[in-house]
Amino acid sequence: MAACDTRLQQVRDAIAAAHKECSPTEKRQYYDQWSGQYEEDVSVLEYKAPHLAAIALASVCKLNQKSKLVLDVACGTGLVAEELLRFGFKLFDGLDGSAGMLEVAKHKGLYQELKECMLGQGPLPSDSDKYDAVIIVGALSDGNVPVAVVPELLRVTKPGGLLCLTTRSNFSNLQYKCDLEKAMSDLQNKGLWEQISVEEVEQWERATSETEVTKDSDYIPGIIYLYRKTASSSTVH
């Protein structure tokens, strides 16, 4: 096996371990241990989600980006904030369940505030109607952050504020994607937010499992959702 193939398999094994069913404590410990190697590993996968999500958010937030307060949910090592910085955004708060990941993000000096929080386990540690934009990239997937976090993302967004959410569209994540879209549709039917766009991306990242490699491609698809919280929606019930 070529060295590049061996390295790719090592990363696939790391991703599989990150998504396996385990206790919250075990999950935190795994991400803490992975934090120092995380950015190198996702670069092997040609992971484009932070860049693509930043483009999507910037496309609908073209004015006064430097004054917009953005909550980076599941911020990890800060890849999303780095990308948003390129588009003129300056003000970031971050949440993540891993102290190790947060420590890496802290040293980048991009965030005003960083808080440790196991997503989907209860309310986010943020005030309602606080953020001009909320973004969550790479965390909404099977074996990772539960769909139950979505109403909380909406709660902490200002009325009229923007939300950018991503997930994978590969075969192993289809049930999660279905559940996520149902939750988002329910919130829209309640008049709490409105969908701005849905963008399908064919080459989201290299397949994280050999079972999803086809003769035509070793990439898997992903999807970016953009929403705007309705001006009349001040809290989520």
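**Close-up 1. Strand β4 and the strands beside it.** From β4 the chain crosses through helix α7 (residues 150–155) to β5, in a β-α-β crossover that is right-handed, a term used where, with the strands pointing away from the viewer, the path from the first strand over the helix to the second runs clockwise. Strand β1 (residues 69–73) also pairs with β4 in the parallel sense, over four bridges, and here D72 stands opposite I135; strands are said to pair if DSSP finds at least two bridges between them. Strand β4 is mostly covered, six of its six residues being buried, where buried means under 20% relative accessible area, exposed over 50% and partly exposed in between (1.4 Å probe, protein chains only). Helices (H or I, at least four residues) and strands (E, at least two) are DSSP runs numbered from the N terminus.

The model is predicted, so that local features need pLDDT of at least 70 and side-chain atom pairs count only at pLDDT 80 or more, while totals for chains, interfaces and linings use all residues. Residues are numbered from 1 along each chain as its sequence is written, and side-chain values use heavy atoms, with hydrogens and water left out.

**Close-up 2. Helix α6 and its packing.** The buried residues of helix α6 (residues 99–106) are G100, M101, L102 and A105. These buried residues pack against α2 (24–34), α3 (38–44), β2 (91–96) and β3 (111–116), contact being taken as heavy atoms within 4.5 Å. At the start of α6, a side-chain oxygen of S98 comes to within 3.3 Å of the backbone nitrogen of G100.

**Close-up 3. The salt bridge between E82 and K108.** The side chains of E82 and K108 meet at 3.1 Å, N to O, in a salt bridge, defined as a side-chain nitrogen of Lys or Arg within 4 Å of a carboxyl oxygen of Asp or Glu. The pair links distant parts of the chain, 26 residues apart, with E82 in helix α5 (residues 79–86) and K108 in the loop between α6 and β3. E82, at 28% relative accessibility, counts as partly exposed, and K108 is likewise partly exposed, with a relative accessible area of 24%.

Close-up 4. K177 forms a salt bridge with E181, the closest N and O atoms being 3.3 Å apart, and the side chains of K182 and D186 meet in another at 3.1 Å, N to O. K177 and E181 lie four residues apart in helix α8 (residues 174–189), about one turn of the helix, and K182 and D186 have that spacing in α8 as well, four residues apart. An α-helix has 3.6 residues a turn, so residues three or four places apart point the same way. K177 is buried, at a relative accessible area of 14%, whereas E181 is partly exposed at 29%; K182 is exposed at 53%, and D186 is partly exposed at 31%.

**Close-up 5. The buried residue E205 in strand β6.** E205 lies in strand β6 (residues 193–206) and is buried yet has no salt bridge, the nearest side chain of opposite charge, R168, being 4.3 Å away. Lys and Arg count as positive and Asp and Glu as negative, with His and the chain ends not counted. Leaving aside its neighbours within four places in sequence, E205 is in contact with L45, E46, Y47, R168, D218, Y219 and I220.

Conventions
A polar contact is a pair of N or O atoms within 3.5 Å; within protein, one must be able to donate a hydrogen and the other to accept it, and residues adjacent in sequence count only if both atoms are side-chain atoms.
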